[in-house]
Amino acid sequence: MRHVDPELARYHQDLYASALDAGDLLTRCQAALLIAPAGSYISHFTAARLQGLRVPDSAAIDVSVLPGRCRVLGAPLAMHRGHPDARVRRLAGLRVSDPVQVALELARTLRLPHLVGLFDSIVEEGSVTRADLATAYDLRPGRLRRFEDALALAVPGVQSLPESLVRVLLVLAGLRDFVVQHPVKDPLTGATYLLDLAFPRWRVAVEYDGKHHLLPEQRAADEVRRGRISELLGWRFVVVNAEELYGAPGDVLSRAALAINDQSGVAPRLDPAWRDYFTEHASRHWSPESPQPSA
């Protein structure tokens, strides 16, 4: 048996611990796997963030440990029970849950709107389809209604998590007849614009403006684009920002319903089911100051 000097072992443990505290995400993950039991892999929220998937932020480093191996390592590590047949890929030399495995891992943790946002980002990348997610889900034991509901709502083409949340908000409120990234052509210039969420039947567009839309040049470009589409093609815009989405989602729905009413002459009935998710999750998971990918 190879002898390990106790002082040297403590030195390396302290070295890795300091990397866990001070390094960037990749460095912290490297340090975590160096002190975790053999066969461990980065999973859950941390694996999602490493792969650019859209999930709420988390300070902990999620590590899954195979059965029969010690899982008591403590903060800042969040330890999970791993599985020898888990879908694990190599990323920058690290063992990391692949996007499909991340979806399975977080399906019991994320609430429906954020789970849809995760699924949107997985299928947006292109290498994984909804069918791939469905196949992996069918192979797991038991059923999870939340996974099935999120999979039914997931679509490619969504540019940010807030856009996903706006879309789920509309769906849960009963406003479902929209198209994601709907193309509209300027009749004068021939330029084609993509509307985040569009109700073509009533010519109502719902768009989320992230932080970069606050820049003066971007704001001016948005005003010109929306003004032309409104004037020349008769579209009505409902523009949503972070403060409204995370603080007053009911106001977003009221403005969308009013726009549809003005354009169609019919007042849509809003389903109160949206309150089960959006009156509580906003304060728990996000705030307007949280870093978000811009639309």
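Let me begin with the sheet, an open one of four strands in the order β6-β7-β8-β9, with mixed pairing. Strands here are DSSP runs of E with at least two residues, helices are runs of H or I with at least four, and both are numbered from the N terminus. Two strands pair if DSSP finds at least two bridges between them. At the edges lie β6 and β9 (236-240), each of which pairs on one side only. On average, neighbouring strands of this sheet are turned by 45° against each other, direction ignored. Such angles are taken between lines fitted to C-alpha atoms, for helices over the stretch in contact, and run from 0 to 180 degrees between N-to-C directions.

A word on the source. This is a predicted model, in which local features need pLDDT of at least 70 and side-chain atom pairs count only at pLDDT 80 or more, while totals for chains, interfaces and linings use all residues. Residues are numbered from 1 along each chain as its sequence is written, and side-chain values use heavy atoms, with hydrogens and water left out.

Within the sheet, β6 and β7 run antiparallel and are joined by six bridges. Lys185 stands opposite Thr192 in β7. Helix α9 (residues 216-233) packs on the sheet and touches β6, β7, β8 (204-208) and β9. The direction of α9 makes about 155° with that of β9.

I turn to the aromatic residues. The whole structure holds four aromatic pairs; rings of Phe, Tyr and Trp (its six-membered ring) pair if their centres lie within 6.5 Å, and planes under 30 degrees apart count as stacked, over 60 as edge-to-face and the rest as tilted. Why is the pair of Phe178 and Phe199 called edge-to-face? The ring centres are 5.8 Å apart and the planes stand at 80°, so the pair falls in that class. This pair links distant parts of the chain, 21 residues apart: Phe178 is in the loop between α8 (161-172) and β6 (179-185), and Phe199 is in strand β7 (residues 192-199).

Are these two residues buried or exposed? Phe178 counts as buried at 14% relative accessibility, and Phe199 is buried with a relative accessible area of 1%. Buried means under 20% relative accessible area, exposed over 50%, and partly exposed in between (1.4 Å probe, protein chains only). Elsewhere, Phe119, Tyr137 and Phe147 form one aromatic cluster.

Finally, the whole chain. The chain has 13 helices and nine strands, and 44% of its 295 residues count as buried.

Technical notes:
Contact means heavy atoms within 4.5 Å.
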